[in-house]
Amino acid sequence: MRPLFALSIGLLFGAGLCLSGMTQPTKVLGFLDITGRWDPSLAFVMGGAIAIGLVLFHRARRRLPAPSARVDQALVAGSLIFGVGWGLVGFCPGPGVAALGVGEPKAVAFVVAMLAGMGLQRLFAETSIAARLLGGSISTANDCTGGVTA
Amino acid sequence: MAIDWLNFTPWAALAGGLVIGVSAGIMALGSGRVLGVSGFLSGLLETDAEWTSRAALLLGLVLAPIVVGAFVALPAPEVDAGWATVIAGGLLVGFGTRLASGCTSGHGVCGLSRLSLRSAAATGLFMAAAVATVFVVRHLA
């Protein structure tokens, strides 16, 4: 992938995050707060992204490996841990990085902590105790950085 | 359940969502890669031939609010969580997304668009955990 292509995609993706309201933690939490005063906007973000995504990814299906159907302990535990962090702050990785651009100091702290968490997971995955605890099911595969399946 | 009509912005959300889907789709068509921000971020900790491209995509993401802000007035992000919560949340998000090999972009947008069962499970679980967390923080704590 050429760096200029990657930069353009990052700009476009980030513009989408800004327009949609995903870079506003208060708005994200308003969506997640289904028993309070619920703001359904983010369902429209997901809906819009997937509607066009279905078409484009279908066209790109030969360029990508077939998606995996494997649901293992690492996927389940990781997704639950991620969800708790997302619910605490209102940032998921993309919007957290985009919020760096407006100089939000808490976004800086969030992104640094996120990188530390990623480093910790790598350490954890490399220790034999963790591998035994999770039955050796920890996947070091990178679903989402090209190549392997998501 | 009561809808918050004051903050509900369906058209901006839909438009932003379409742009997100288009960018992920173009990347898949153009480079055969899945746009997953957590994967790109953790890839910064590695040095290989793709490092520059990953850094370029993340740079684009950082520059996006500056570029968009030059044309449209964007509200500054409001983070209600305190510093300790922000750091704890960041650690959990980093650890969890790597363990699950993906986040809202890789599993939520790209995975669901690819009709991946694995990504559908991940998305259902992280949404449920996030909803439960917000419920505890806002209504129980």
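Guide: Two residues are in contact if their C-beta atoms, placed from the backbone, lie within 7 Å. The model is predicted, so local features need pLDDT of at least 70 and side-chain atom pairs count only at pLDDT 80 or more, while totals for chains, interfaces and linings use all residues. Residues are numbered from 1 along each chain as its sequence is written, and chains are lettered from A and ligands numbered from 1 in the order in which they are written.

Visitor: What share of the contacts in chain B between residues at least 6 apart in sequence join residues at least 24 apart?
Guide: In chain B that share is 42%. For chain A, residues 24 or more positions apart account for 46% of the contacts with a separation of 6 or more.

Visitor: Why is A:V76 called partly exposed?
Guide: A residue is buried if 20 or more other C-beta atoms lie within 10 Å of its own, exposed if 12 or fewer, and partly exposed in between, with C-beta atoms placed from the backbone. A:V76 has 16 such neighbours inside 10 Å and therefore counts as partly exposed. This residue lies in helix 4 of chain A; leaving aside neighbours within four places in sequence, A:V76 is in contact with A:V71 and B:L125.

Visitor: Why is helix 2 of chain A described as largely enclosed by the rest of the structure?
Guide: Seven of its eight residues are buried, so helix 2 of chain A is largely enclosed by the rest of the structure. The buried residues are A:P25, A:K27, A:V28, A:L29, A:G30, A:F31 and A:L32. They pack against helix 3 and helix 4 of chain A, together with helix 6 (117-140) of chain B. Over whole chains, 57% of the 150 residues of chain A count as buried, and 56% of the 141 residues in chain B do.

Visitor: Why is helix 3 of chain A called oblique to helix 5 of chain B?
Guide: Helix 3 (residues 41-59) of chain A and helix 5 (residues 104-113) of chain B pack at about 45°, with their axes 7 Å apart. Axes are lines fitted to C-alpha atoms, for helices over the stretch in contact, and angles run from 0 to 180 degrees between N-to-C directions. Angles under 35 degrees count as roughly parallel, over 145 as roughly antiparallel, 65 to 115 as roughly perpendicular and the rest as oblique. The pair is therefore oblique.

Visitor: Which residues make that contact?
Guide: Helix 3 of chain A contributes A:M46, A:A49, A:I50, A:G53, A:L54 and A:F57, and helix 5 of chain B contributes B:G108, B:V109, B:C110, B:L112 and B:S113.

Visitor: How many residues of chain A are in contact with chain B?
Guide: 108 residues of chain A are in contact with 116 residues of chain B. The largest share of the side of chain A that touches chain B, 17 residues, comes from helix 1 of chain A.

Definitions and conventions: Helices (H or I, at least four residues) and strands (E, at least two) are DSSP runs, numbered from the N terminus.
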